[in-house]
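Open the model in your viewer and keep the selection tool handy. We will walk from one stop to the next, and at each one I will say what to select and what is there.

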Amino acid sequence: APLLAQEAVMPGLVEFTPPTSDDILFNPGMGLYLQYPPLDAKPDEWFMQVCDIAYYRLDWSDVNPEPGKYTFEEYFGPKFDFWVGQCHKRVAFRVMCESMHSRGQVTPQWVFDQGVPGVKHLALNGKEQTDPVFWDDRYLDVQCEFIRKLGEYLDGKPGLEFVDIGSIGEWGEMHLARWTPQQLAETGHTEARYVAAYRRVIDAHVQAF
């Protein structure tokens, strides 16, 4: 009975209204990220006080321009040196395989030269891009090998906060807005194949990192 009585006692509700303020509310270390921050940022810039993570999105072709050639250190090295080594912050990123905002070819041309099927789309700058058929096994084979090599370079790297999965769809977000019904039909798209493809790249990231 005494135990039940103790459990029945509930604390009273307390309301607190903080004063209105125009000051920046700091929440240090809790994961606020800044997208595409410059590598010449100065310590006294406002975002250096409130942001903890430098976040980048890059094209697959930026770091794998030729078969078997990976320019990971050229791309990531300066970012980790500055943000982690000098600023004591973290780095996160996404490697995209399709992006209407990219200026050039997102998935490297050599992928299609090796037989991976692709479709033509126009980027926002009016230039033509070839995007891979994400649910094709030939694409998945090459992309999963890239993920494996990326994991070898980055897995356990100090300052790495997270890695987005960007292997499928517009911006890596599974959007297929530029794909016409005819393109989907001609490339064998089904919901089941699409889900299976995404599961495969999820598993590849889990194994790589």
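Begin by selecting lysine 157 and phenylalanine 80: the lysine lies over the face of the phenylalanine ring, at 5.1 Å from the ring centre. Here a charge sits over a ring if NZ of Lys or CZ of Arg is within 6 Å of the ring centre and within 35 degrees of the ring normal. Next, pick lysine 79 and tyrosine 75, where the lysine is over the tyrosine face at 3.9 Å from the ring centre.

Before moving on, a word on the model: it is predicted, local features need pLDDT of at least 70, side-chain atom pairs count only at pLDDT 80 or more, and totals for chains, interfaces and linings use all residues. Residues are numbered from 1 along each chain as its sequence is written, and side-chain values use heavy atoms, with hydrogens and water left out.

**Aromatic pairs**

Rings of Phe, Tyr and Trp (its six-membered ring) pair if their centres lie within 6.5 Å; planes under 30 degrees apart are stacked, over 60 edge-to-face and the rest tilted. By this rule there are 21 aromatic pairs. Select phenylalanine 72 and phenylalanine 146: their ring centres are 5.9 Å apart and the planes meet at 55 degrees, so this pair is tilted. Phenylalanine 72 belongs to helix H4 (residues 72-86) and phenylalanine 146 to helix H6 (residues 137-154), so the pair ties together parts 74 residues apart in sequence. (Helices, H or I with at least four residues, and strands, E with at least two, are DSSP runs numbered from the N terminus.) Phenylalanine 72 is buried at 5% relative accessibility, and phenylalanine 146 is buried at 2%. Buried means under 20% relative accessible area, exposed over 50%, and partly exposed in between (1.4 Å probe, protein chains only).

Now go to tryptophan 135 and tryptophan 179, whose ring centres are 5.2 Å apart with planes at 50 degrees, so this pair is tilted.

**Loop stops**

Where is serine 99? Look in the loop between strand S3 (90-96) and helix H5 (109-113). Serine 99 is buried, at 2% relative accessible area. Show its contacts (heavy atoms within 4.5 Å): leaving out residues up to four places away in sequence, they include Trp171 and Arg178.

Select tryptophan 171 next, in the loop between strand S6 (160-164) and helix H7 (181-186). Its phi is positive, about 60 degrees, although tryptophan 171 is not a glycine. Finish at tyrosine 36, with phi near 55 degrees and a relative accessible area of 42%, partly exposed.
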